[in-house]
Amino acid sequence: MAKQGAILTFENGPLGGVPVMVDAIYHIMQALGYTPTVYQAFFDETDLTFWQRLTLAFRQWKPRQVEAHGLPMVLVPAPPLPLWLFFWVPHFLFGPLLGRYQTVVVVAGSAHVALPLALRNKPYVLWVATVYSDEVRAKAVLGDEWAVRLLSTPTWPLMEAQERFALRRAGRVLALSYTTARRICELVPDAAERVETMLYPIDTSHFRPDPTARQALPYGDYLLFTARINDPRKNVPMLLQALARVRQRFPHLKLVLAGDHPSPLLLSRVHELGLEEAVVFPGVLPPRSEELRQLYQGAQLFVLPSMQEGLGIVMLEAMACGTPVVATRCGGPEGVIIEGQTGKLVPNNDPSALAEAIVELLSQPEERLVAMRQQCTAFVEEHCSRSVGERQLAAALAAIRPDEHRSHIPMRKEV
């Protein structure tokens with residue numbers, strides 16, 4: 001008989017890392033014999049005033065059962081509250097619902113999402129992408145006004161305290177990257193024994209190499225980056241600067257930027273650099289679409305220019321397809337990108353260094369690039385295939401609910 005389990009998350013829309021993390025955990029829990037339900041606070045992104053949003057939240061405060069992105073979900077609207085109070089709301093809206101589940105996995109960008117369970121002292125596994133202060137400070141460095149204001153508010157220390165509280169109360173913390181695991185242990189040393197790294201589990205039956213893709217696509221030789229390209233933290237303008245330098249050596253090379261429709265600001269930057277013929281915007285592509293997979297398979301290199309990343313799931317998907325990566329030292333890629341084997345790491349926010357690394361890899365003999373492609377797929381198979389993810393989540397669930405598991409699977413420390 002299937003066991004009941006819940007997944008708690010705070011996210012809206014199909015883009016970004018958290019929705020695909022939720023999808024992965026859902027299917028892993030199914031493979032482990034659970035019938036999971038996703039509990040999600042949703043956001044109304046329409047152009048409404050504060051009072052209109054507040055009225056809508058009160059009108060729709062009751063949980064709604066729906067199917068979204070192919071998953072059964074219980075949705076509750078998130079009212080327009082100050083951020084320090086925002087993550088407390090599900091304590092009252094979701095808390096009683098989650099109380100009936102013996103097994104709950106929190107899937108989140110930051111640990112705050114676990115507050116409804118932490119406040120009720122209910123055991124949970126937390127799979128978290130990043131330390132929140134790292135994300136906010138990276139945005140502030142790039143001039144994001146919201147992030148700058150948040151860091152200067154008197155409630156910022158409360159936000160940090162909420163994060164530490166949620167981490168301390170977790171039965172097991174699964175960090176999305178080696179860097180995130182290290183940073184959590186620095187932030188909450190007394191939780192270190194309950195922290196391990198669980199890289200995003202890649203479906204290697206879907207994301208796999210196909211050398212013929214390079215001939216099938218219309219772009220010729222191209223670099224690839226796919227993400228929320230308008231997010232300041234992704235630092236796409238810096239990538240455009242690097243591309244302008246790289247094209248001095250490889251004038252026919254293009255850059256494919258998939259994920260969002262480009263903002264006017266981004267299009268203006270493309271125009272300023274004279275790259276209109278060099279940059280391609282395919283728009284929003286579904287996470288497991290054939291077109292996205294072909295883009296990974298056909299790229300010369302995948303380039304990750306971010307200022308800060310919890311991991312960079314798209315980087316792993318590219319590697320699974322045999323595409324080496326050039327990435328900034330922005331957190332997530334460190335420990336995944338092995339110099340000269342799966343790609344290259346460069347300093348943060350340095351277009352010259354990024355351009356030099358791209359030119360260096362593109363100038364390698366073909367047999368060296370073939371070897372790197374093979375090492376990329378081998379890394380994914382060994383460290384972040386679905387089977388690895390199943391073993392790690394089973395061990396974490398066994399640790400918080402030993403009565404549901406006949407055998408305990410030892411945790412594999414990778415901090």
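Two strands pair if DSSP finds at least two bridges between them. Strands (E, at least two residues) and helices (H or I, at least four) are DSSP runs numbered from the N terminus. By that rule, Leu255 has Val279 in β11 as its bridge partner. The model is predicted: local features need pLDDT of at least 70, side-chain atom pairs count only at pLDDT 80 or more, and totals for chains, interfaces and linings use all residues. Residues are numbered from 1 along each chain as its sequence is written, and side-chain values use heavy atoms, with hydrogens and water left out.

**Sheet**

- Six strands build an open sheet with parallel pairing. Their order is β11-β10-β9-β12-β13-β14.
- The edges are β11 (279-283) and β14. Each has a single partner strand, so one side of each lacks a neighbour in the sheet.
- Neighbouring strands are turned by 20° against each other on average, direction ignored. Axes here are lines fitted to C-alpha atoms, for helices over the stretch in contact, and angles run from 0 to 180 degrees between N-to-C directions.
- Strand β10 (residues 254-258) pairs with β11 in the parallel sense, over three bridges.

**Helices on the sheet**

- Helix α14 packs on the sheet and touches β9 (222-226), β10, β11 and β12 (301-304). Contact means heavy atoms within 4.5 Å.
- The direction of α14 makes about 135° with that of β9.
- Helix α15 (residues 313-320) lies across β9, β12 and β13 (325-328). Its direction runs at about 170° to β12.

**Salt bridges**

- The count is 15 salt bridges. The criterion is a side-chain nitrogen of Lys or Arg within 4 Å of a carboxyl oxygen of Asp or Glu.
- Arg233 and Asp231 form one of them, at 4.0 Å from N to O. Both residues are buried. Buried means under 20% relative accessible area, exposed over 50%, and partly exposed in between (1.4 Å probe, protein chains only).
- Glu290 bridges to Arg293, with the closest N and O atoms 2.5 Å apart. The two are three residues apart in helix α14 (residues 290-298), so about one helical turn separates them.
- Glu290 is partly exposed at 38% relative accessibility. Arg293 is buried, with a relative accessible area of 10%.
- Glu360 and Lys344 meet at 3.6 Å, N to O. Glu360 sits in helix α16 (residues 351-362) and Lys344 in strand β14 (residues 343-346), so this pair ties together parts 16 residues apart in sequence.
- Glu360 is partly exposed at 40% relative accessibility, whereas Lys344 is buried at 13%.
- Shared partners join Asp134, Arg182, Arg183 and Glu186 into one salt-bridge network.

**Cysteines**

- A disulfide is a covalent bond between the sulfur atoms of two cysteines. The test used is a pair of cysteine sulfur atoms within 2.5 Å.
- The structure holds zero disulfides.
- Cys321 is buried at 3% relative accessibility. Cys384 is buried too, at 1%.

**Helix α18**

- Helix α18 (residues 386-400) has 15 residues. From first C-alpha to last it reaches 21 Å, close to the 21 Å expected at 1.5 Å a residue. The expected span is 1.5 Å times one less than the number of residues.
- Buried residues in α18 include Val388, Gly389, Gln392, Leu393 and Ile400.
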